[in-house]
Each structure stands twice: as structure tokens, then as C-alpha cells.
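Open the model in your viewer and keep the sequence panel beside it. The stops below say what to select and what is there.

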Amino acid sequence: MSRYRGWMPTRMLRDGAIRPTEHARWAGVERLFARHERDRRIMADLLATIPRRGLDVPVLLGVDDRSHEVYVSDGHHRALALRILGVARFRFEWCWLRAHRVEAGRDVFPYHLLGLDPPA
């Protein structure tokens, strides 16, 4: 069975729904990326290319198996660019964040954790 790939409303990339892993709030990610030249270059490139080509690499969402909180596990620059651009939805893959390992999500993403119905 291959890794699950789906679509998610970008509005879910917010505090209290899908959060960044390193920071409690998305504003912390924005401040961090604004301080470093490398991050500013990455963001500038994404802000220029996403409107033309879309998202080349899906965002990886991680679901904590104990708390059931959902995080951006990989793709913080992409997620922030999607938020800034106001893109309606984005492609994602997901994984379980277990105590001692990360396990690829192969079943349908647990949309109910975010108060969403799975896509038809």
C-alpha cells in the first residue's frame, strides 16, 4: 500500500489546527524566517513559483499518536507561502508521530481530528 496523498484547506494551517512543530504559533515561524537570509530566499522563490506552478512537493503533516494534535512535520516554508498567498487548498502526505518512530500514513488521513469530513 502506498503513502496516502490528499488535499487540505489551507485555512487549516493556523494556530489551533495544524501547527508548526518548532513553534507554538505561526507568527513565530514568520519571525524566524524573516531574520535569516536563506529563509528569505526560500520564501521569495516559493512566493514567485507557487502561483505559476503550484506546489511541487506536498506538505508532510504529522499526527501525534498520543495527543492527536496535527503538525507540519516537513514543509514549513511551503506552508507559510501557501498561507501568505491565500491558496485555497494544498496537497499533503501524512505520518504518525509515535514515541520512538515516525510511521508513514497509508490509510485515509484522520480528517475528524481537525473537524473535517474526509473528501468524497
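Which residues of helix 1 are buried? Select Trp 26, Gly 28, Val 29 and Phe 33: these are the buried residues of helix 1, where buried means under 20% relative accessible area, exposed over 50% and partly exposed in between (1.4 Å probe, protein chains only). They cover an arc of only 155° around the axis, which puts them on the same side of helix 1; the arc is that of the directions from the helix axis to the C-beta atoms.

Before going on, note that this is a predicted model, in which local features need pLDDT of at least 70 and side-chain atom pairs count only at pLDDT 80 or more, while totals for chains, interfaces and linings use all residues. Residues are numbered from 1 along each chain as its sequence is written, and side-chain values use heavy atoms, with hydrogens and water left out. Helices (H or I, at least four residues) and strands (E, at least two) are DSSP runs, numbered from the N terminus.

Stay with helix 1 and turn to the face away from its buried side, which carries the exposed residues Arg 31 and Arg 35. The buried residues of helix 1 pack against strand 2 (18–20), helix 2, strand 4 (70–74) and helix 3, with contact meaning heavy atoms within 4.5 Å.

Next, select helix 2, residues 37–53. Its 17 residues should span 24 Å at 1.5 Å a residue, and its end C-alpha atoms are 24 Å apart, which agrees; the expected span is 1.5 Å times one less than the number of residues. Asp 39, Met 43, Leu 46, Thr 49 and Ile 50 are buried in helix 2. The buried residues of this helix pack against helix 1 (26–35) and helix 3 (76–85). Gly 54 follows helix 2 and has a positive phi, near 85°.

Now show the charged side chains. The structure holds 13 salt bridges, each a side-chain nitrogen of Lys or Arg within 4 Å of a carboxyl oxygen of Asp or Glu.

- Select Arg 3 and Glu 93: they form a salt bridge, with the closest N and O atoms 3.6 Å apart. Arg 3 lies in the segment before strand 1 (5–9) and Glu 93 in strand 5 (residues 89–97), so the pair ties together parts that are 90 residues apart in sequence.
- Select Glu 30 and Arg 83: the closest N and O atoms of this salt bridge are 3.9 Å apart. The pair links distant parts of the chain, Glu 30 in helix 1 and Arg 83 in helix 3, 53 residues apart.
- Select Arg 66 and Asp 65: their salt bridge has its closest N and O atoms 3.8 Å apart. Salt bridges that share partners join Asp 65, Arg 66, Arg 98, Arg 101 and Glu 103 into one network.
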